[in-house]
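Thanks for coming. Please look at the sequence and the model on the screen, and I will go through them in order.

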Amino acid sequence: MPISPRLAEIFTDLSGVLRVDLASLTDDELMADQAALERVGRVVDAARIRFAGEVGTRSRRELGDEGLSRSQNFASTPMFVSVVTGTSISESKRRLDLGKRLRGAVQLGGTTGPEPYPLVSDALRRGDLAVDSAATI
């Protein structure tokens with residue numbers, strides 16, 4: 001089931017944050033809202049990494065021309081992700097690399113193995129850990 005309709009709703013909701021008059025907030029409200037916004041950003045970043053990991057898996061070299069990025073006429077997966085997301089190739093590569101490290105390996109028969117770092121993955125999904133910290137761990 002595609003999630004893009006729900007993401008469009010979330011985008012609209014979050015876009016409303018940009019219209020808030022920050023000067024009208026108390027200091028406590030400003031700091032609480034900033035912390036909450038950061039946590040939302042971490043969850044979005046975790047989703048970006050997870051999606052990149054899936055794109056990387058579906059584009060792996062052994063799939064040849066049947067791989068996702070090759071089937072879309074891209075010679076490299078970082079270039080494909082860069083075009084789809086509008087990010088730089090280096091940022092796309094960072095996302096792909098971390099997504100691959102956090103994702104379970106593809107087993108014989110095409111099934112996915114267990115996540116190698118489940119605590120890191122869980123902390124990312126909860127918004128408790130920043131992507132930079134996860135990459136360092």
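I start with a term: buried means under 20% relative accessible area, exposed means over 50%, and partly exposed is in between, with a 1.4 Å probe and protein chains only. The model is predicted, so local features need pLDDT of at least 70 and side-chain atom pairs count only at pLDDT 80 or more, while totals for chains, interfaces and linings use all residues. Residues are numbered from 1 along each chain as its sequence is written, and side-chain values use heavy atoms, with hydrogens and water left out.

Now the overall picture. The chain has 7 helices and 0 strands, and its order from the N terminus is α-α-α-α-α-α-α. Helices here are DSSP runs of H or I with at least four residues, strands are runs of E with at least two, and both are numbered from the N terminus. Along the principal axes, the C-alpha atoms fill a box of roughly 55 × 30 × 30 Å. Of the 137 residues, 24% count as buried.

Next, the charges. Side chains of opposite charge can pair when their charged atoms come close. The term salt bridge is used for a side-chain nitrogen of Lys or Arg within 4 Å of a carboxyl oxygen of Asp or Glu. How many salt bridges does the structure hold? The count is 14, and I will show three of them.

One joins arginine 58 to glutamate 54, at 2.8 Å from N to O. Both residues lie in helix 2, 4 residues apart, which is about one turn of the helix. Glutamate 54 is partly exposed, because its relative accessibility is 26%.

Another joins lysine 93 to aspartate 97, at 3.2 Å from N to O. These two are in helix 5, residues 89–102, and are again 4 residues apart, about one turn. Lysine 93 has 43% relative accessibility and so counts as partly exposed. Aspartate 97, at 34%, is partly exposed.

Arginine 126 is partly exposed at 44%, and aspartate 128 is partly exposed at 41%. Salt bridges with shared partners link Arg39, Arg126 and Asp128 in one network.

Back to helix 2, which covers residues 27–58. Which residues form the negative surface patch? They are Asp27, Asp28, Glu29 and Asp33. A patch takes residues with over 30% relative accessible area and no salt bridge, joining like charges within 9 Å and nonpolar side chains (Val, Leu, Ile, Met, Phe, Trp, Tyr) within 5 Å. Asp and Glu count as negative and Lys and Arg as positive, with His and the chain ends not counted. Glutamate 29 lies in helix 2 and is partly exposed, with a relative accessible area of 39%.

Threonine 57 and threonine 77 are 20 residues apart in sequence and 9.9 Å apart in space, C-alpha to C-alpha.

Finally, the rings. The structure holds 1 aromatic pair. Phenylalanine 74 and phenylalanine 80 form this tilted pair, with 5.2 Å centre to centre and 50° between the planes. Rings of Phe, Tyr and Trp (its six-membered ring) pair if their centres lie within 6.5 Å; planes under 30 degrees apart are stacked, over 60 edge-to-face, and the rest tilted. Phenylalanine 80 is buried, with a relative accessible area of 9%.

Key:
Accessible areas come from the Shrake-Rupley method with a 1.4 Å probe; for residues, only the protein chains shown count as cover. The place of a charge is taken as NZ of Lys, CZ of Arg, CG of Asp or CD of Glu.
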